[in-house]
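Student: Could we go through this model together? I would like to begin with how the terms are used.

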Amino acid sequence: MEITGKSKIMFVLADPVDHVRASAVLNAYFAGIGEDVATSPLHVRPDDLPAVVGAIRHMNNVVGFGVTIPHKVAIAALLDEISQNARLIGAVNFVKRTRDGRLVGDNMDAPGFISALLNRGCTISGKRVLQLGAGGAGRATALAMAQARAAELWISNRDPVKAQALADAIQALHPETKVTAGADTAENFDLIVNTTSLGMLSDDPLPIDVSGISNTTVVYDIIVNPPVTRLMVTAAARGAVTIGGKAMLDEQMALVADFIRR
Ligand code: ATR
């Protein structure tokens, strides 16, 4: 689609920038739904972030910008407002530029994660869920599952200290969900979510022993690339319903699109 003066402009701020794919994904998404929105990667070094954000305030055809490594935390201090979710997750991944030029930091990970599940007819309320991983993305998904009133949330991680720290943080926010660090079996969970990076490379081991997975388990792997991971293939062979990271990404796009239409 041709970029004109009528196009709505977005950026993805990153350093390094070579690996950034979010802008291409956003462009494909908006082209697909016939909306005149163009997104460009912007290579912004950490020291230059305040100046770039200051300049974007004056760019009246910019509707927002994505934020990725290494700016997801530092950006918060430069904005006018931060959504509650971005504050709780401790990271901003999208900044909305309102019509009056205000910059509002948000995090689309948690709502995108939940929407993709709901689209598949999976609810979390009252369920027993296992999360693998306790990194940045894992913080958002754990919070989302507690917000969605999981009955029990188990968090397992290579570094158990991080699993415990995340479990404690989520438990303090959501006393109604029983949050536990640990769990090395996949047995008796309604939902298993992989937020580790295991599965991105073809020779990665599975992130968990899959013998406990059955046709009553939902397995959600938030890895985007490859779109179908070995965990998903193995779980599907055991009869599980599987969901991939592309669905979560698409829901995040839909949230951005909703904001832009306002
Ligand atoms: P992201 O922002 O994608 O969540 P991250 O914050 O670096 O990235 O988190 C990566 C997650 O994958 C962590 O849970 C990490 O485990 P550690 O906290 O122990 O580092 C997990 N992970 C990465 N490589 C792993 C591996 N080889 N085996 C098991 N877990 C791994």
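This is a predicted model: local features need pLDDT of at least 70, side-chain atom pairs count only at pLDDT 80 or more; totals for chains, interfaces and linings use all residues.

Student: What is the phi of Asn188?

Tutor: Asn188 is not a glycine, yet its phi is positive, at about 65°. Most residues other than glycine have a negative phi.

Student: And is Asn188 buried or partly exposed?

Tutor: Asn188 is partly exposed, because 13 other C-beta atoms lie within 10 Å.

Student: Now the prolines. Which peptide bonds are cis?

Tutor: The bond from Asp15 to Pro16 is cis, with omega near 5°. Pro16 belongs to the loop between β1 and α1 (22–32). Asn225 and Pro226 are also joined by a cis peptide bond, with omega about 5°. Pro226 is placed in the loop between β11 (218–221) and α7 (230–237). Most peptide bonds are trans.

Student: Moving on to the sheet: what is the order of the strands?

Tutor: There is an open sheet of six strands, ordered β2-β1-β3-β5-β6-β4, and its pairing is mixed. Its edge strands are β2 (37–43) and β4 (81–82), each of which pairs on one side only.

Student: How many bridges join β3 to β1, and how many to β5?

Tutor: Five bridges join β1 (residues 8–14) to β3, and these two strands run parallel. Towards β5 (residues 94–97), β3 has three bridges, and that pair is antiparallel.

Student: Which residues stand opposite one another there?

Tutor: Met10 stands opposite Gly64 in β3, and Val12 stands opposite Gly66 in β3. Gly66 also stands opposite Phe94 in β5.

Student: How many residues of β3 are buried?

Tutor: Five of the six residues of β3 (residues 62–67) are buried, so the strand is mostly covered, where buried means 20 or more other C-beta atoms within 10 Å.

Student: Let us turn to α6. What is its span?

Tutor: Helix α6 (residues 160–173) has 14 residues and reaches 20 Å from its first C-alpha to its last, close to the 20 Å expected at 1.5 Å a residue.

Student: Which residues of α6 are buried?

Tutor: They are Ala163, Leu166, Ala167 and Ile170. Seen down the axis of α6, the buried residues fall within an arc of 105°, so they line one face of the helix. Val161 and Ala172, on the other side of α6, are exposed.

Student: What covers the buried residues of α6?

Tutor: The cover includes α5 (136–147), β8 (152–156) and β9 (178–181).

Student: And Gln171?

Tutor: Gln171 lies in α6 and counts as partly exposed, because it has 17 C-beta neighbours inside 10 Å. Gln171 and Ala140 are 31 residues apart in sequence and 14 Å apart in space, C-alpha to C-alpha.

Student: Lastly, how many residues surround the ligand, and which are the closest?

Tutor: The ligand is surrounded by 14 residues, the closest being Gly135, Gly136, Ala137, Arg158 and Asp159. Helix α5 provides the largest share of this shell, three residues. By class, the shell has eight polar, three nonpolar and three charged residues.

Notes. Residues are numbered from 1 along each chain as its sequence is written. Helices (H or I, at least four residues) and strands (E, at least two) are DSSP runs, numbered from the N terminus. The expected span of a helix is 1.5 Å times one less than its number of residues. A residue is buried if 20 or more other C-beta atoms lie within 10 Å of its own, exposed if 12 or fewer, and partly exposed in between; C-beta atoms are placed from the backbone. The arc is that of the directions from the helix axis to the C-beta atoms. Two residues are in contact if their C-beta atoms, placed from the backbone, lie within 7 Å. A residue is near a molecule or strand if its C-beta atom, placed from the backbone, lies within 6 Å of it. Ala, Val, Leu, Ile, Met, Phe, Trp, Tyr, Cys and Pro count as nonpolar, Asp, Glu, Lys and Arg as charged, and the others, Gly among them, as polar. Two strands pair if DSSP finds at least two bridges between them.
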